[in-house]
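This report looks at how the chains of one assembly meet each other. Please view the sequence and the structure first, and then read on.

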8 protein chains.
Amino acid sequence: MSSKSYDDMEFAKLDTDRELRQNVAEVVFCEGKEDEHLVKIFRRLYEQNGQVLGTRASAHQYDLVKEIIPEVEYDETSRILKVEKEKELIGNIAIVTAGTADIKVAEEAAQTAEFLGAKVNRIFDVGVSGIHRLLDKEDEIREANVVIAIAGMEGALASVIAGLVKNPVIAVPTSVGYGASFEGLSALLTMINSCANGVTVVNIDNGYGAAYSAVQINRLAVKGAD
Amino acid sequence: MSSKSYDDMEFAKLDTDRELRQNVAEVVFCEGKEDEHLVKIFRRLYEQNGQVLGTRASAHQYDLVKEIIPEVEYDETSRILKVEKEKELIGNIAIVTAGTADIKVAEEAAQTAEFLGAKVNRIFDVGVSGIHRLLDKEDEIREANVVIAIAGMEGALASVIAGLVKNPVIAVPTSVGYGASFEGLSALLTMINSCANGVTVVNIDNGYGAAYSAVQINRLAVKGAD
Amino acid sequence: MSSKSYDDMEFAKLDTDRELRQNVAEVVFCEGKEDEHLVKIFRRLYEQNGQVLGTRASAHQYDLVKEIIPEVEYDETSRILKVEKEKELIGNIAIVTAGTADIKVAEEAAQTAEFLGAKVNRIFDVGVSGIHRLLDKEDEIREANVVIAIAGMEGALASVIAGLVKNPVIAVPTSVGYGASFEGLSALLTMINSCANGVTVVNIDNGYGAAYSAVQINRLAVKGAD
Amino acid sequence: MSSKSYDDMEFAKLDTDRELRQNVAEVVFCEGKEDEHLVKIFRRLYEQNGQVLGTRASAHQYDLVKEIIPEVEYDETSRILKVEKEKELIGNIAIVTAGTADIKVAEEAAQTAEFLGAKVNRIFDVGVSGIHRLLDKEDEIREANVVIAIAGMEGALASVIAGLVKNPVIAVPTSVGYGASFEGLSALLTMINSCANGVTVVNIDNGYGAAYSAVQINRLAVKGAD
Amino acid sequence: MSSKSYDDMEFAKLDTDRELRQNVAEVVFCEGKEDEHLVKIFRRLYEQNGQVLGTRASAHQYDLVKEIIPEVEYDETSRILKVEKEKELIGNIAIVTAGTADIKVAEEAAQTAEFLGAKVNRIFDVGVSGIHRLLDKEDEIREANVVIAIAGMEGALASVIAGLVKNPVIAVPTSVGYGASFEGLSALLTMINSCANGVTVVNIDNGYGAAYSAVQINRLAVKGAD
Amino acid sequence: MSSKSYDDMEFAKLDTDRELRQNVAEVVFCEGKEDEHLVKIFRRLYEQNGQVLGTRASAHQYDLVKEIIPEVEYDETSRILKVEKEKELIGNIAIVTAGTADIKVAEEAAQTAEFLGAKVNRIFDVGVSGIHRLLDKEDEIREANVVIAIAGMEGALASVIAGLVKNPVIAVPTSVGYGASFEGLSALLTMINSCANGVTVVNIDNGYGAAYSAVQINRLAVKGAD
Amino acid sequence: MSSKSYDDMEFAKLDTDRELRQNVAEVVFCEGKEDEHLVKIFRRLYEQNGQVLGTRASAHQYDLVKEIIPEVEYDETSRILKVEKEKELIGNIAIVTAGTADIKVAEEAAQTAEFLGAKVNRIFDVGVSGIHRLLDKEDEIREANVVIAIAGMEGALASVIAGLVKNPVIAVPTSVGYGASFEGLSALLTMINSCANGVTVVNIDNGYGAAYSAVQINRLAVKGAD
Amino acid sequence: MSSKSYDDMEFAKLDTDRELRQNVAEVVFCEGKEDEHLVKIFRRLYEQNGQVLGTRASAHQYDLVKEIIPEVEYDETSRILKVEKEKELIGNIAIVTAGTADIKVAEEAAQTAEFLGAKVNRIFDVGVSGIHRLLDKEDEIREANVVIAIAGMEGALASVIAGLVKNPVIAVPTSVGYGASFEGLSALLTMINSCANGVTVVNIDNGYGAAYSAVQINRLAVKGAD
C-alpha cells in the first residue's frame, strides 16, 4: 500500500496520488469550507500542481484566495474559482441546456471540462417544448463524443437527445422550477426513468460531476484505454 | 333546489339530473363495487338511458351483468363494459401514446370519448426517444381540437406535443415503468412541471377522466358555448 | 422545416413563430433571469409584438425594464410586468378562489387571460367550508366557458365546482397553508384525485399555466376550431 | 398503583381495568394475531364481560372463534366479529360517506359505535361532487352530537360538513382510490389541512378509532362530565 | 337558504351567520393577509361582535390594528392579537406539552380556548422521556373533559395520555425538532398511528384548530346537546 | 493483508476470518438466496463452525437444508433456521415489545442474541398506551446491560424506556400497523426523533441487527474491552 | 427526414434505423407486452437482424417465442430471452456486485453487454462491509474501460470503486433489501449523492440500461470516435 | 415513586434525579429556548452540579449566559456552551468523519463525550472515496470501545468501518450535501440500510445523541455493569 500516498493537513487529507490514479488533480468543493481551511487547501494544491479548481465558491471566498494567489479568477455565473494552466483541449463534449436558467449549471460543467482538458461545445436554450430548435442542432450534437444534457422543470431533454445520438448522454437535473418541481427532484426522476437508451444521471445541479464523467469518456474516445 | 334531483338507491344516490347539468349520462366506476350493487346500478342506468358505460370492470363483472343485459360488451384491454347506443361522433380528439404498454389507458380514454360522442384519432407508440416518429404525425396531431398525451416512465411526451400544437393538451401519466417510476408518480411530476404552454394533467392511469375533459372541450369547439 | 423559425439571441432562442402556431405571443418567466438578459428579451419582444407579458417579476426587474420601456406596468399582487395593447376581450372565464390568500395566484391567472384576449369573471373567497357562499355564485360560475378553481390548504374547491358545471374546470393548487400542506403538495394531490368529472390540474401556484389552457378552451368555445 | 390491574396471559397483557378507566371493555384488533392467541383472548374477554368486539377479523378467524363461542357473529363488509349484549343506545352519531366504496370503513365505525352504546345515523354516498345530495341531508347531519366523515380519493367531505355543523367532525380518510391517492395518503393530507373549523383526523381506514372518539364525545353530550 | 347570510367585503366574505350556526364568532388567520384587508376585517368583526381574535399575527400587524383599535392586545409567544370581552369560562380543557419549545403552540391553543369560553389547565414540559413527571399530573389530566396533547420530535405524548384518561384526546404535532423530524411530519405520523384509543389529530402547529374542537367537546360536556 | 482471509465459493465470498475479527461466526440472510447456493453455504459454515444461524428462512428452505443437515431446527415465528452448539449465556439483554404482533421481530432478536452467547429477558406486550404495564417491569428492564425496544404503529416505546434506564437502548421499528404507518416508516421516524437520551435505531423489522449490536455491548459490559 | 425510417406495425413502430444511428439493434422490453405483439416483434427483429435480445422475459414468453424461433434461449436468473449471432467481443467491462442477491441484475447487464459486443469481467459478492474482499480485486477492476457497480441496501459500493479507478463507473441500485430500503430508493439516493468522482447512475434494477451505456463507452475506448 | 424527583421551574421540569438514574447531569438543548428561560436553566444546573453543557447554542446565548456565569466557554464550530469541571477521562471512543464539512457534528459529539467523561480519538476526513486513507487508520479505529461514524452525502462510511471492527458503531448522518441529499435524509437511509453488522443510527446531525449512547457503551466496557 506504500504507493498510495496523501498529504495529511490534520483537518483534511489531500489525495496527492490522485492525478496518477485518476488523471486529474484534486478539485475543491468550496461551499461550507471554513475560511482558514479553504485558503490553506488552495495554496497547497496550487504549489503542487500550478493550477487549482474550486467549485461552488462565493465572492467572499474569491477575496480570501486572491490575497494569497493574486492570479486566481472567479466567475459569478458558474461560481468557479480557479487558476488554470494553459493546455491543449481535446475531443468534443456537447453541453446542452433546456432553458436559460440552466446556464449556471452548464457553465460549471463547461469550465470544469475545459479545466480537465476537454473541448466543449455549448448549446443553450433548446428545450423540448420547442422541439425544432433542438433538431436544428442535431448534427452538432451527434458529433460529440459525449453529451451533457441539463434541464430543470420536467427534465425531458435527455430522453430526446439520447434518441438522436449514438454516444453516451449524461443527464443533469437542475433545481430550476417551482411548486411540484421539488427543487430538482422531479427532473431527477424524469431522467432516471428515461425511456431512451444511453442515459445516465448525476445529482441535482451537479455540473461538476457530469463534467468529470464526461471527461473520462472523452479521453477514452480520443486516447483509448491506456 | 327542487330542480336538482337524484335517484336514492339506499346504498347509492344516482345523479339522474346529471345529463341535463353536464350533458353526459352517469358512468360507473366498477372496481370495488359489490356484485349486487353493480348489477342493480347497471340495470337502473340502462333502463333510464338505453346505454351505460362501466370503467375498470373485471371479466367476472362482465359475466354478472351479461345475465341481466345480454347485449353488454366487454373489452379486456381497456376493461370497459358497456351498452352503447348508436350516435354520430363529432369533432376530433387525438389520443397519443408514448409506448405500446400505454395502450390500455389509451383505449379507456378512446372508448369513453366515443361513448360520449366524440370522434377519436388513435396515434400510438410515438415516444420522445424516437422523436422523428412523433414528428411524422405532427400534422395529424395539430388537426385535433384537443390532444390526450399518454405516457409512463419519464412522461416527456406531453411537453413535446404541447410545443407543436395550438389547442389544449391533457396529459395522462401511466403506471408503466419500474423502479423509480414509483407506479406513475414520476410521470405525473414530469407532466405537472411541463415547461410547455397548454398542458393540464389528470390522475395516473385516468384515461376516463382525460376523455371526459377532452369531450367537454371538443363539444365547445364544435358547438360553441350554449 | 423552413416554416419553423426562431430568433437566436445566443443565450436564448425566442420562438418568433409561436404566435402563428399557438395564437399567442411569447411570455417571459422573469424569476431567475439575469438582469441583462431580461432587459434584452423584453425589448426584443416589445419591438416584435408591441406588447409583452412578464410573470413572476420583481420590483427590481420593473425598475430595470422601465428604463428602456417607460410605459411598462407592474402589479405587485400578481407580480405581472407588462405592456399591453388594447384588445377586445371575448368569451367568459370564471376565476374562483377558496380564500383571500389565493388572490395572488388568481390575479396572475386573470391578467394573463386578459392579456391573451379573454373576458374574466373574478369570484373570490368562496371556499368549501362555507358552502353557501359558493352556491350563491353557482349560476355565475355555470355561465363560464371554462372555470379556473384556485385553492390551497385542502384544495377541495375544484371537486365541488366540477359537480356544478358542465364545462371544463382547471384546478390550481396554491402554496397557501402551513404544516402538512407541504407548500401546495397536499392541495395538488387533492385536486389530482378529484372524484368529480371534468377536472384537470396544473402545477402549484401556476396561475399563468391555468390561464393559458383556459384561453385555448375559451377561444375554441367562441370561435370554434379553425 | 394497586388500583391499576391487568390480566397477564404471558403473550398478552389484557387491561381488565380499562372499563373503569375508560368506560369501554377491551376490543380486539384481530389482524395478524396467531390463531391460538386470538381464541384465548376472545374466550377470556367473553368470560369477563359477556361480550367482545373484534375488528379486522377474517372469515377464518370467525370459524375458529365460533367453535368455542357459537353465538359469535361475523359481518363480512365491516370484518367485525362480535358477541354483543343487548343495551340501550344513547345520543346521536352521524356517519357520512362520500362514496359506496367507503361503506366498509363506515360499517366498522357504525358497529363499533353501537357496540359501545351509541345511536348511529348512517348517511352514505353523498360526496362533494354532487353537493346537493349532501345539502339535502344537512338538517339530519346537524342534529348529531358528533359527525364521522369518511372519504377516500380527494377527501373533501369533512371540510364541507364542518362548515355546516356546530358539533365536532371526526374525519376518516380511506384507501379508496388509485394512482396518486397513494392508498389514502392524499385523503389524509386533505383532511389534516382542512380549512374548516372543528375537524380532527384519524388514521387511514380507521373506522374503529373514529367511532371510539365519537362515542366519548357522544357520552359527554348525553351524560355530561362525571 | 335565506337564513344563511354573510357580509360581502369584495375581497372577503365574512360569515356573519357563523355564531348562530357554530356558536363562535369569526376568527382571523392573520398570516399572509394584506395590511389593508387585515385592518378592515378586524374593524368589521370588532364592530359586529365587540371582540375579535387573530391568530399567527406579526408585531407589524399589531401596530396596524392598534391604530384603529387601541385596546387590542398582542402576545408574542402565541402570536395572538385580540380584543376580548369578559366572559365566564366553563368546563375543563387540559393542555399538555412534551417540552418547553411546544409552549408557543400551547398558548395559541389555550388563549383560543379561553376566548371561546372554556376554562384551561396548562400542564407543560411533561414529555415521555421522563414519564414520572407526566404520571405526577395524571389525576389533574383525568379531570379534564378533553385533553390537548402537544408534542414535536417523536410525538409520543398523545398515546401515553390517551391510555390514562377516559375522555377524548386531541393531538397536535409541532414543528419542534430537527433532521428527520421533517418540520413536524414525523410527529404527525406518530400521532395518526397512535396505538391508544381516543386520539384524533390536527395539522402541525395547529393550536387554534385543536382548541376549536376541544371547545366544541367541552361545551357538549357542560351544556349537553342543544 | 495476508491475515485477512475468506473462502471464495465463486458465487459468494465467505468471511472465514470474521470470528477472529468480530467474535461471531457468519450468519446467513436466507431470503432471496437460490436453493443451491443456500444449501452449499449452510454446509460450508456448518463444517467450519459446528453451528450456523439463518435468518428470514422459509419452510421450503428448512426442507432443503434438513436433507443435508438433519439436526437443523426451524422456528416459524422468528423464521430462524439453525444448528446451535451448546454454550454458556452471559450478561443480560432485555427485549421488550409494545404489542403481541411485534413478537415475530422480537424472537428473531432473542434467538440471534442467544445464538451469539447472550442471556435474554423477554418482556412482551407492554406498549405505552397502557403505561402501568410497562412501569411494572421497570426494575427488570433497568437490570439489563442493554435494552432492545421493539414497536410498530407509533413506536413510542423506546423513548419511554430510555427515560427509565441508564444503559443503551436499541430501537427496532416494526412494520406492524396499517394506513399511515407506511409499513414501519412512521415508527422508524418516531424512534430516530426520540427526545430521550440513549436511543439508537436499526432498520424496520431488523431484529437480527439489533441483537448483533446488543451482543457487542453486552459482551463489553461483561468482559470489558480486550 | 427521409433518412430516418421505421417499421410501422400498427401497435408498435420498430426503429429499423436504430442500428445505423446507435450501433445496436432494437432490444425488446418483454414485461407487459401482449403475447401476440411479443411474438410478432421477435419474429420481425429476428428476420431483420438474425438476432434479437429480450429483457425481463417470463418463462411463459419463452414458450411462446420458442414455437416460432426454436433456437431461442432463455436464462431464468437474468430473465433474458435471446437468439444471438456469434461475434467477437471487444474491450473490458467490469461488472461488480455487492452481494449474491444482486446477481440477477448483474447477469442482465452482463448478457446485454455481451450481446452488444463487449467483453465482460464478472466480480461478484465484494460488498463494502468486507472491504478487503473488494481490495483484492482492485487491480482487475482498474483494468476495465468502464465499471458497472451493482448494489442494493445501502449501495455504497459505487463510491468506493470510483475512488479506486480512473475510468467511468456506472452505478445500478437494486431493489435488494427490506424495510427502509424502499425497494431500491435508498440505494438510488446513496449512489446519486456519491462523494466520489466519476459515478453516474441508472434506474433501480436497470442492468440493461447500465450495460447499454457501458457498451457505448467501451466502444469509444476501443475504436475511438468514428 | 418518592425516589423520583424533579425541580419544577413552572416553564420547565428539570430532572434532578437524572444523574442517579442515568449517570449524567442534565444537558441543555439551547436552540429555540427563550432568553430568560435559558439563563435560569443554566444557573440552576450550574448551582446544582458545578458544571453544565449546552448544545446548539448561539453566540447571542453565549453573551447572555456569560453575564451570570463569566467562566462559561463557547465553541463556534460545535456550538457548544459549557462550564466543565475537571475530570478523568476513561476508555476510548473513536469519532470518524467522512469529510471536513462533517467536523461541526463531530465536535458536538466529541465535546459531549469528553464532558460526560470519555476519552475521544478524532479521525477526520477519511471518506470512502479514498479508501486507503481510511485503511491507514484501521488499527486506531479497532482499538476503540465504540466508534461514531459521521458522514453526509451518501453516508457509506459506517458500513465500511463496521466491517473492520468488532465493537459497536454508531452512525450519524449529516446534512452535508446538496440536491438529492435532501438535507441528510439520503445519508440516514444509507446508514439504516447498512449491510454491515453492528451499526445503529441516530438522527441527522445528532452528534450529541451519538455521544450519549457511545458514553454509555464506553462506561460499560471500562466499568462493567454495576
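## The interface of chains A and G

Between chain A and chain G an area of about 3,200 Å² is buried, and carbon and sulfur atoms give 49% of this area, buried area being the accessible area (1.4 Å probe) that two parts lose on being put together, summed over both. The elements that give two or more residues to the side of chain A that touches chain G are helix H1 (18-22), helix H6 (138-142), helix H8 (185-192), strand E11 (199-201) and helix H9 (207-223) of chain A, where helices (H or I, at least four residues) and strands (E, at least two) are DSSP runs numbered from the N terminus. The largest share, seven residues, comes from H9(A).

The model is predicted, so that local features need pLDDT of at least 70 and side-chain atom pairs count only at pLDDT 80 or more, while totals for chains, interfaces and linings use all residues. Residues are numbered from 1 along each chain as its sequence is written, chains are lettered from A and ligands numbered from 1 in the order in which they are written, and side-chain values use heavy atoms, with hydrogens and water left out.

## Contacts and symmetry

In chain A, 36 residues are in contact with 36 residues of chain G (contact means heavy atoms within 4.5 Å). Zero salt bridges are found across this interface (a side-chain nitrogen of Lys or Arg within 4 Å of a carboxyl oxygen of Asp or Glu).

Chain A is superposed on chain G by a rotation of 180° with 0.0 Å of shift along its axis, at an RMSD of 0.0 Å (least squares on the C-alpha atoms of residues with pLDDT of at least 70 in both). The two copies are thus related as by a two-fold rotation axis. Of the interface residues of chain A, 100% are also interface residues in chain G, so the copies meet through the same surface.

## Chains C and B

For chain C and chain B, the buried area is about 3,200 Å², of which carbon and sulfur atoms give 50%. The number of salt bridges between chain C and chain B is zero. H9(C) gives the most to the side of chain C that touches chain B, with seven residues.

Chain D and chain G do not touch, their nearest C-alpha atoms being 15 Å apart. Chain B and chain H do not touch either, and here the nearest C-alpha atoms are 13 Å apart.
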